[in-house]
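Work through the exercises below with the sequence and the model side by side. Try each task before reading its solution.

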Amino acid sequence: MANLSKAYESAPQQTHRIIPLDFQSVKHVPESHSWSNSDDSLPVRSQLVENIEQISLPVIDLGDLDASKMMGQACESWGMFQVINHGIPSTLFRDVESEARAFFSLAAEEKMKALRSPGGLTGYGVAQIAKYYNKLMWHEGLTIVGSPMDHVREIWPDQYHRFCEVMEAYQKAMKELSERLLDLILKSLGMPEEHIEWLSSVACKGRQAPSTLLQLNSYPPCPDPTQATGLAPHTDSFLITILHQVGNINGLQVHREGTGWALIVPLEGALVVNVGDMLHIMSNGLFSSVLHRAVVDNTRHRLSFAYFYGPPAVSSISPIPRGCQSQFRSMTVREYLEMKGKDFEGALSKIRVV
Ligand SMILES: C=C1C[C@]23C[C@@]1(O)CC[C@H]2[C@@]12CCC[C@@](C)(C(=O)O1)[C@H]2[C@@H]3C(=O)O
Ligand SMILES: O=C(O)CCC(=O)C(=O)O
Ligand SMILES: [Fe+2]
């Protein structure tokens, strides 16, 4: 994703703002990570962990003949669904988990060897959205695009191969699954996959590579989860995100109009798929990129793997013509990401034309 990396060079972060807390050595939530009574906490103060409604998202079987229709309905009413019978072997999830655990359980100074650079996209560090909040999150992440070799070779000079193989195999499987899902989702909008040149891997040999990214999320046990935030409220930017929650530990919450935050109860073996901003645009607002966040646990170390799939960086995104007026103007993927980088909450409304 060389092209996409350019979107980050224009707004480099200061190095000390990229380094996560050394969670293994803290016994209390420091002021820097305490969201209670801070300006940042306004949207999140209530219902952080207690008294929260629990919901089950629609569950869609990929083998179901009605899968496309059901996905369309779920994207319209929830902006999210769970997929089962997706064909990803459980051994692959276990392999990624074991490599991710090996990485996140390293001492802080070891993980620092893989630190993301100030204008960079990949590597170890706080989530990119950290720059929009004054308070820091109870979270550390490893962002991977393609091979993570350049980062992990610094840590394991002789034993990085296995880590790289597993992460590349996972991205390959997730890319194929993303394309299957998008085929069904776009069909529900009346646009078959073969009409979208960048998605059609068979028809177009020399096609540009899609924009993809794997984010390994780690939420260490937190001494006081009522004060801390795992991942602050955000919408994902790409077309879809596929999320695997390790060990079915609760954490993911979704914001619903009128009712507020709700906890998504994980379902064994299911993957959560959510609509991102670019699908919001392509569906002309019929599907909503859903506001979500992650909360932390008092005793358990939660891991999640999020795979983001979008069109190639140079592709234009605009609403699929469906006989009604376009609500959004057209722009390239890179332009949209740059815009979101500057205006986290207002990017979608900035490109709205009606
Ligand atoms: C291309 C992007 C999507 C992302 C922001 C980013 O600019 C780079 C990393 C992505 C990620 C991964 C973790 C969660 C997330 C919200 C974040 O902070 O960085 C997503 C971003 C997103 O979907 O907007
Ligand atoms: O860990 C989770 O449940 C959410 C992760 C997420 O929202 C993300 O990586 O964008
Ligand atoms: Fe997200």
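**Exercise 1. Find the residues of helix α2 (residues 67-77) that are buried, and say how they are placed around the axis.**

Solution. Step 1: apply the cut-offs. A residue is buried if 20 or more other C-beta atoms lie within 10 Å of its own, exposed if 12 or fewer, and partly exposed in between, with C-beta atoms placed from the backbone. In α2, this picks out Ala67, Met71, Gly72, Ala74 and Cys75.

Step 2: look along the axis. These residues lie on the same side of α2 because they cover an arc of only 170° around the axis; the arc is that of the directions from the helix axis to the C-beta atoms.

Step 3: find what covers them. The cover includes β2 (59-61), β3 (80-84), α6 (161-188) and β11 (271-275). Helices (H or I, at least four residues) and strands (E, at least two) are DSSP runs, numbered from the N terminus.

Step 4: go just past the end of α2. There Gly79 has a positive phi of about 75°.

Before continuing, note the conventions. The model is predicted: local features need pLDDT of at least 70, side-chain atom pairs count only at pLDDT 80 or more, and totals for chains, interfaces and linings use all residues. Residues are numbered from 1 along each chain as its sequence is written, while chains are lettered from A and ligands numbered from 1 in the order in which they are written.

**Exercise 2. Locate Asn85 and Asn248, and state whether each is buried, exposed or partly exposed.**

Solution. Step 1: Asn85 is in the loop between β3 and α3 (90-104), and its phi is near 60°, a positive value in a residue other than glycine. Step 2: Asn248 is in the loop between β8 (240-245) and β9 (252-256); its phi, also positive, is near 50°. Step 3: count neighbours. Asn85 has 13 other C-beta atoms within 10 Å, so Asn85 is partly exposed. For Asn248 the count is 13 as well, so Asn248 is partly exposed.

**Exercise 3. Describe the largest nonpolar core.**

Solution. Step 1: a nonpolar core is a set of buried Ala, Val, Leu, Ile, Met, Phe, Trp, Tyr and Cys residues joined through C-beta atoms within 7 Å. The largest has 79 residues, and Ile240 and Val273 have the most contacts inside it. Step 2: α6 gives the most to this core, with 10 residues. Step 3: list the partners of Val273. Apart from neighbours within four places in sequence, Val273 is in contact with Met80, Phe81, Val83, Leu181, Ile240 and Ile242. Contact here means C-beta atoms, placed from the backbone, within 7 Å.

**Exercise 4. Which residues are closest to ligand 1 and to ligand 2, and which strands supply the shells?**

Solution. Step 1: a residue is near a molecule if its C-beta atom, placed from the backbone, lies within 6 Å of it. Step 2: ligand 1 is surrounded by 13 residues, the closest being Ala127, Gln128, Ile129, Asp236 and Ser237. β5 (140-144) and β6 (211-219) each supply at least two residues of this shell. Step 3: ligand 2 is surrounded by 13 residues, the closest being Asn217, Leu252, Ala294, Ser304 and Ala306. Here β6, β8, β12 (292-294) and β13 (302-310) each supply at least two, and β8 has the largest share, three residues.

Definitions and conventions. Two residues are in contact if their C-beta atoms, placed from the backbone, lie within 7 Å.
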